[in-house]
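This report goes from the chain as a whole to a few of its residues. Please keep the structure in view while reading.

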Amino acid sequence: MRGHAERTERAGAEDGTAGPRRRGPVVVALMLAMALAAMESTIISTAVPQIVSDLGGFSVFSWLFSGYLLAVTVTLPVYGKLADTYGRKPVLIGGIAIFLLGSLLCAGAWNMASLIAFRVLQGLGGGAIQGTVQTVAADLYELKERGRIQAALSSVWAASAIAGPLAGGLLAGYADWRWIFLVNLPVGLVAMLLIARHLRESVVSPVRHRVDWPGALGLFVSGGLLIVALVDGGPTRPWLLGGSVAFGALTVWIERHAAEPVIPGWVWRRRVIVGANLGLGMLGVMIIGPTVFLPMYAQAVLGLGPVQAGFVLSVMTLSWPLSAALSNRVYLRIGFRDTAAIGMAAATATLVALVCLPYAGPAWQPALVMLLLGGALGLFQLPLIVGVQSTVPWHERATATSSILFCRQVGQSVGAAVFGAVANATLAARLSGDAPDTVSAALAAHPTEPLRRAIAAAVNHVYLGTALAAAVALVIVLAVMPRRFPVLTES
């Protein structure tokens, strides 16, 4: 088996790093594929009024986002195992094909229920795209260059966060909301063509692999119940959480007895991967605070319009990829762990500063803080991803990459549930027991001074929680991860 692993790694490295001429079209395909998955998370947000007006279903429209997130999250580990077993190329092409089929069906949806179902199908393809794209990027480049390609992919996410809502609004306002899904087709087809023609890999497999489908199904059900409970559980949340625990225990038993488990035991036995999983899970928790609650604070407390409020948040997406692109100069000198620790220490201090901002101060203050936060998080996330990818051989890289992305996605769901509860509790206490549901109606008009102060207090409590999550992430990095990662020698 050891010889098989070595042969597989050599084959992948030789084919994957065959030179800039071959890598160029593949990199273009990776960026196009990543743009598909990244844009789909934001482009639909500004078109919700038109969709609801056409299809109805206002009470369940949030599942247009939750359903997609659920499918992406729970399939990440499964696609990681498949990519390590059968190669990246078939998984990536298959994922794009599923995503495009879901896009085509979304464009033809006849009611909200069908649109939600087709969004879930999109997410099943999006899970393959997110994990496999970052794995192929690590296959293509050696350690010294790996940070640059990962930073380029981060810039795709940043550009999508800014361009997605704008593009969705333009298509919904001047064409039809169905074009939001139809524009995916040419982009995805070009990406598939480039991957099919230019990505070369040779997976040597002297033994017949068996896919652990019972374990994959158990992971899908237990993870799905957990995400549903965290995102939109309502009164049924205890039953959903109980079901998630029960299916989770069953999945663990299945995985321990499987010949080739979906999530191998070594993922939780290696300090580097465990530390990265926990650290990026806490990153997912903390990032929910600014992205969800800062726009509300900017509009209700600072009196900004939607465009200006979006700018206050978007500056973080500008500094994050820039910092990530420069982080390789730091981690190649002082190491992955210390670079990540510096980034999270700076993020903790920045979030504390966000709490200390004066009430209803000038808008440039939170914008500056978000600019600094993006720079700090770029120093934290990328070194951990590149570091983990550099400590595993080819036949384990997709599984390791998918595991840390899975933990980050679950962290975002946990953060949304926890901080939503914190904000609602603060609003209820400050508004003398008034239902927090009335806040959205009040914000549509001119919020009163008591409401503004209640929202400011709620957001400050959320930021205290995010600062605590950042501090926990820093402790995890320092306490769990070794100072020097066991980086493998490149072929």
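## Contacts, confidence and surface

In this predicted model, residues 24 or more positions apart account for 85% of the contacts (heavy atoms within 4.5 Å) in the chain with a separation of 6 or more. The model is a prediction in which local features need pLDDT of at least 70 and side-chain atom pairs count only at pLDDT 80 or more, while totals for chains, interfaces and linings use all residues. Residues are numbered from 1 along each chain as its sequence is written, and side-chain values use heavy atoms, with hydrogens and water left out.

The secondary structure comes to 18 helices and 0 strands, taken as DSSP runs (H or I of at least four residues for helices, E of at least two for strands) numbered from the N terminus. The average pLDDT, the predictor's confidence in each residue from 0 to 100, is 82 for the chain, and 87% of the residues score at least 70.

Over residues 1–19 pLDDT stays under 50, and the model has 31 contacts beyond four places in sequence for them.

V422, in helix α16 (residues 394–430), counts as partly exposed because its relative accessibility is 29%, the classes being buried under 20%, exposed over 50% and partly exposed in between (1.4 Å probe, protein chains only). Leaving aside neighbours within four places in sequence, V422 is in contact with H461 and V462; the C-alpha atoms of V422 and H461 are separated by 7.2 Å, at 39 residues apart along the chain.
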